[in-house]
Amino acid sequence: FPISIIVVSRTSLKLHAYLRERPERGRRKLLSFISFRRERKRRRSRKMPFISQIQRQSDYAYFPSDTPIVIDNGASYFRIGWAGENDPRVIFRNIVQRPRHKGTGETVTIVGDHDPALLRYFDCTRSGPRSAFDNNVVYQFEIMEYILDFGFDRLGANGSQIDHPVLITECVCNPVHSRSKMSELLFETYGVPSVAFGVDAAFSYKYNQRHGICNEDGLAICPGFNTTHVIPFVAGEPVYKGCTRTNIGGYHVTDYMKQLLSLKYPHHMARFTWEKVEDLKMEHCYIAPTYASETQLFQEIDRTFVPKSEAETSQPGSEVLKSRPLTQEDFKIVLGIERFRCPEVLFNPNLVGIGQAGVDEMAGVSIRRLPEKDEELEKRLTSSILMTGGSCLYPGMCERLEAGIRMIRPCGAPIKIVRALDPVLDAWRGASAYAASAQFPQQTFTRMDYFEKGEDWIRGYKFRYTL
Amino acid sequence: MESEVVEAELVLPTHLSFKKVQMYEKYPKGQSRGRHWKHLKQILQAENLQNYPPDEPNYVNIESPPSMHPSMKICDITGLEAPYHDPRTNLRYANTEVFKQIRALPNEYVQRYLALRNAAVVLK
């Protein structure tokens with residue numbers, strides 16, 4: 001049987017409560033209403049933000065040697081393109097697989113996510129997808145090299161070396177070892193003439209500032225794939241002293257959802273792949289205004305609404321889970337509380353055992369950590385809060401964040417939260433606009449700089465974002 | 001290679017013209033490739049952060065502190081608010097129906113629910 005997903009929404013709960021009071025209305029009306037609602041919802045379905053594009057570009061030769069290549073090296077997706085353009089040319093998932101080909105037996109490298117139908121020619125049992133990142137720092141440079149190979153290849157590179165300056169993003173306060181190994185890789189293996197490193201959240205903030213979405217002084221809240229950052233900006237430059245990082249992100253939300261669903265439906269455990277759960281998360285999850293009030297709504301669920309498999313596991317004995325023949329009911333997956341329980345992890349990392357502050361509390365910590373205590377500055381910071389990064393696309397996130405921040409700021413403080421124009425691509429766009437400006441070459445460093453000045457200089461390398 | 005695999009250009013080619021040193025020269029077959037990469041913990045240790053002033057921001061400094069808000073206790077199975085705690089399995093539950101289900105769960109599932117919360121006992 002194919003698996004069908006039943007999504008419990010607030011309207012269906014209200015409808016159920018209504019029908020319980022008026023049982024004469026009957027089941028048929030309920031079904032027709034639900035199917036009507038589903039039609040309407042399908043038409044307003046959410047736009048999926050993550051689409052890979054790996055078409056090989058053919059105009060590499062038309063760009064002069066001083067056009068920088070801009071790379072947004074994120075833990076979820078790798079985006080590469082030319083400076084000055086509005087969209088990256090090549091986008092793919094930042095993972096590498098090294099399976100063995102079944103026919104010839106040789107080990108090959110596959111970068112990014114691909115059509116699973118084509119992977120049947122490869123023996124993927126001993127090679128899972130591997131990422132170059134540990135938390136948000138690049139540490140596996142062999143994998144990074146495969147990814148850069150693929151990225152440059154699809155961009156159309158065909159000379160004897162990459163003859164363009166490269167602007168690549170890194171995490172906040174990147175350790176020296178990672179930064180120097182990355183520069184070494186770019187200079188030695190690809191022959192890049194000059195390199196610059198920047199923080200993706202800062203590029204996104206500057207881009208939105210140029211478009212008038214946020215002001216010169218403000219906070220950037222960046223829930224990403226592995227980590228969430230809150231960075232205060234004063235006079236257009238990020239103040240790293242006030243920056244905070246929590247090690248929770250979209251990956252943890254998806255992982256939580258995957259574990260919950262596989263525990264609830266043990267028969268389908270093998271079918272819940274991480275990619276499918278990520279699709280489910282992007283389509284159905286939202287953030288509740290307050291967790292307690294949403295659970296109140298769900299507590300009034302009628303007993304008959306619970307699927308039969310869950311009601312039957314109340315019988316003692318583990319043989320119930322295995323020997324009962326699977327009925328059609330088992331293939332219906334009900335997504336009720338999981339819809340808002342999983343993204344709640346971003347606000348309460350204690351739910352998955354990570355003992356750090358959630359996103360709303362981080363804003364308060366970040367303001368507290370600023371070196372100068374200035375009330376006017378704090379008011380300016382909270383009246384221009386920008387949300388960027390892939391994990392901020394949940395419906396209801398703005399309201400919840402605003403309520404959370406209002407709780408920790410003094411009464412009457414101005415709070416204004418805006419979402420970036422395009423939370424996923426804005427970091428690349430900001431970097432591209434930056435690299436196209438005339439003062440960009442002053443912020444890069446060349447191979448000579450790297451070898452002469454050594455590691456201490458690399459540690460002190462600071463990027464200026466206002467030009 | 002099958003034709004559709006070649007057409008889809010799934011596999012990364014071994015020789016790329018724009019590279020000065022190819023992968024097969026850098027990592028010859030047979031040698032243990034890449035097992036010597038330092039993990040994040042080792043990278044941070046090697047940074048010698050104690051030699052630098054502590055108020056300068058670095059990777060370890062900027063981590064957020066533990067949360068000051070009272071922790072939210074939700075039921076491990078249903079997700080509703082859970083004021084109760086089962087002493088035998090260490091799981092949280094919301095009402096008596098969930099409690100019956102918990103007592104019926106095999107041990108493997110109990111450990112997996114606890115592992116979600118990072119509360120499982122890991123025997124090394």
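This is a predicted model: local features need pLDDT of at least 70, side-chain atom pairs count only at pLDDT 80 or more; totals for chains, interfaces and linings use all residues.
Two strands are taken to pair if DSSP finds at least two bridges between them.

In chain A, a hairpin of 3 residues connects S2(A) to S3(A). Strand S2, residues 69-73, pairs with S3(A) in the antiparallel sense, over 5 bridges. Within that pairing, A:Asn73 has A:Phe78 of S3(A) as its bridge partner. S3(A) also pairs with strand S4, residues 90-93 of chain A, again in the antiparallel sense and over 4 bridges. Here A:Phe78 stands opposite A:Phe92 in S4(A). In general terms, the strands of a sheet pair through backbone hydrogen bonds, either parallel or antiparallel.

How many residues of strand S3 are buried? For S3, residues 77-82 of chain A, 6 of the 6 residues are buried, so this strand is largely enclosed by the rest of the structure. The side chains may be followed by direction. A:Tyr77, A:Arg79 and A:Gly81 point one way from S3(A), while A:Phe78, A:Ile80 and A:Trp82 point the other way, and all are buried.

Chain A has an open sheet of 3 strands in the order S7-S5-S9, with antiparallel pairing. Strand S7 (110-111) and strand S9 (130-131) stand at the edges with a single partner strand each, so one side of each has no neighbour in the sheet. Strand S5, residues 95-97, and S7(A) pair over 2 bridges in the antiparallel sense, and A:Val96 has A:Val111 in S7(A) as its bridge partner. Across S5, S7 and S9 of chain A lies helix H3, residues 141-155, which runs at about 100° to S5(A).

The axes of helix H5, residues 200-210, and helix H15, residues 426-435, both of chain A, come within 7 Å and cross at roughly 75°. Which residues make the contact? From H5(A) they are A:Asp200, A:Phe203, A:Ser204, A:Tyr207, A:Asn208 and A:Arg210, and from H15(A) they are A:Asp426, A:Ala427, A:Arg429, A:Gly430, A:Ala431, A:Ala433 and A:Tyr434. By residue class, the contact of H5(A) with H15(A) comprises 6 nonpolar, 3 polar and 4 charged residues.

Key
Residues are numbered from 1 along each chain as its sequence is written. Chains are lettered from A and ligands numbered from 1 in the order in which they are written. Side-chain values use heavy atoms; hydrogens and water are left out. Axes are lines fitted to C-alpha atoms, for helices over the stretch in contact, and angles run from 0 to 180 degrees between N-to-C directions. Contact means heavy atoms within 4.5 Å. Ala, Val, Leu, Ile, Met, Phe, Trp, Tyr, Cys and Pro count as nonpolar, Asp, Glu, Lys and Arg as charged, and the others, Gly among them, as polar. Buried means under 20% relative accessible area, exposed over 50%, partly exposed in between (1.4 Å probe, protein chains only).
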